[in-house]
Amino acid sequence: MKVFINSLATALLIYSGITMAGTTNNTPSTLRIATFNVSMEALNYLPSELGKEVKPNGNELAEALTQNHQQIRNIAEIIQRVNPDVILLNEFDSNDESHQSLKLFISQYLAKSQQGENAITYPYFYQGPVNTGVASGFDFNNDNKIGELPNDAFGYGLFSGHFGMALLSKYPIVKDKIRTFQLFKWRDMPNAMMPINPETKTSWYNEKAWNNFRLSSKSHWDIPLNVNGEELHILASHPTPPVFDGPEDRNGKRNFDEIRFWIDYLTPTAASYIYDDNNHFGGLAEDKAFVILGDLNADAVDGNAIKSGIEQLITHTRVNDPKPTSQGGKLHREDNPNAKNHTAYWGMRADYALPSKAQLNIVGSGIFWPTKVEPEFRLIKDRAASSDHRLVWVDVAFK
């Protein structure tokens, strides 16, 4: 498995990646950690042709980045306004192993002032492979015609790396300790929620498909950071939306088990079955600080997910849920008492930044969702302005 880490400043080359040499001695009093589904994926940049379906070729984001694209400028401005020390980007296409799109976003958008905001520099990033658009050789949807060769992707995407992820950091990434779980098989999770065909009462997937099905629709990443001598693990993922299926609820069950993966990873008595892409087993030691980040596509109250999964995660004994709020979200759905916690325009809490309880104190949290009367509303007024998700952040301090 290749590991991709990079630095955009003076650096020390280490075989498969690059990391900056040297750190300062003072641990910051607070650290701002954020997650943002930025909608920087190919379908957002396709040219519209009346009456004609246009399929992406995978270069749409790269091309948009060279055009001083307004949506991308707005995304950068939002990030500059919040100024996180670490941020996970969901739905950032990653089909280029040299990471030119991500480097361009960092250097030409984030590192340049947007509308007078302070430029922001991220010397370190991680952008590993994901399952979206990766051909499997199997018919996962059960929609192949007789004689047609099956080749559904392990995760929904129209090319390899579609809807990818990237982590940006002001602090060094501990390359030697990164763990990825892209290849982990769903069948290897004890009591996995295997989808059942409601008509035949048998497995939705045939035996070969089930034995080869990967749990992660994108990937699960454990990325340790060196915050001036303190080790902080970023647990990043983007589970599949629990919709776009049928009564077998294959996406809903996969979403549940993608979230359950982190529950087990944090539970020493339940983590022994977990293996990473280097075939190392086990979960995260109890003395390690962490923040769970990502668009988890599940809400314990609203939406279509199997709600017990996300409920078990946010109430886990090792997790401290900051329950971030926004006035803009509250006013967006005034008839919904949960709206202040929503992170997506369609009305649910989908995006999470969940720190560890034992090692970190929560200093503050929030959701970037301006109200309609604020000038910043132009940045989130619709999906074309930026994204259908909102940036979510939490401020933490080591105990």
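**View 1. Ser 39 has its place in strand β4 (residues 31-40).**
Strands here are DSSP runs of E with at least two residues, helices are runs of H or I with at least four, and both are numbered from the N terminus. (Buried means under 20% relative accessible area, exposed over 50% and partly exposed in between, using a 1.4 Å probe and protein chains only.)

A quick note before you go on: residues are numbered from 1 along each chain as its sequence is written, and this is a predicted model, where local features need pLDDT of at least 70, side-chain atom pairs count only at pLDDT 80 or more, and totals for chains, interfaces and linings use all residues. Side-chain values use heavy atoms, with hydrogens and water left out.

**View 2. Lys 201 is another non-glycine residue with a positive phi.**
For Lys 201 the angle is about 65 degrees. You'll find Lys 201 in the loop between β10 and α4 (207-212). Is Lys 201 buried or exposed? Lys 201 counts as exposed, at 63% relative accessibility.

**View 3. Strand β11 (residues 220-227) is largely enclosed by the rest of the structure.**
Why do we say that β11 is largely enclosed? Because seven of its eight residues are buried. On one partner, strand β10 (residues 179-180), two bridges connect to β11, and the strands run antiparallel. (Strands pair if DSSP finds at least two bridges between them.) Here Arg 179 faces Asp 222 of β11 from the opposite position.

**View 4. Strands β11 and β12 form a hairpin.**
Eight bridges tie β11 to strand β12 (residues 230-237), again in an antiparallel arrangement. Look for Ile 223, which stands opposite Ile 234 in β12. There are two residues between the strands of this hairpin. Which residue takes a positive phi in this hairpin? That's Asn 228, with a phi near 50 degrees.

**View 5. Thr 240 lies in the loop between β12 and α5.**
Thr 240 is buried, and its relative accessible area is 9%. Who does Thr 240 touch, if you leave aside neighbours within four places in sequence? Its contacts (heavy atoms within 4.5 Å) are Ser 217, Lys 218, Asn 251, Arg 254, Asn 255, Glu 258 and Asn 297.

**View 6. Thr 240 is also among the residues nearest the centre of the largest pocket.**
Tyr 156, Pro 241, Phe 244 and Asn 251 share that central spot with Thr 240, and the whole lining has 41 residues. Two elements give two or more residues to that lining, namely β8 (152-153) and α5 (250-265). Helix α5 supplies the largest share, three residues. (On a 1 Å grid over the protein atoms alone, a pocket is an open set of points where a 1.4 Å probe fits, with protein on both sides within 12 Å along at least five of seven lines; lining residues have an atom within 4 Å of a point.)

**View 7. Zooming back out, the protein has seven helices and 16 strands.**
Of its 399 residues, 56% are buried. Now take the contacts with a separation of 6 or more: 76% of them link residues 24 or more positions apart.
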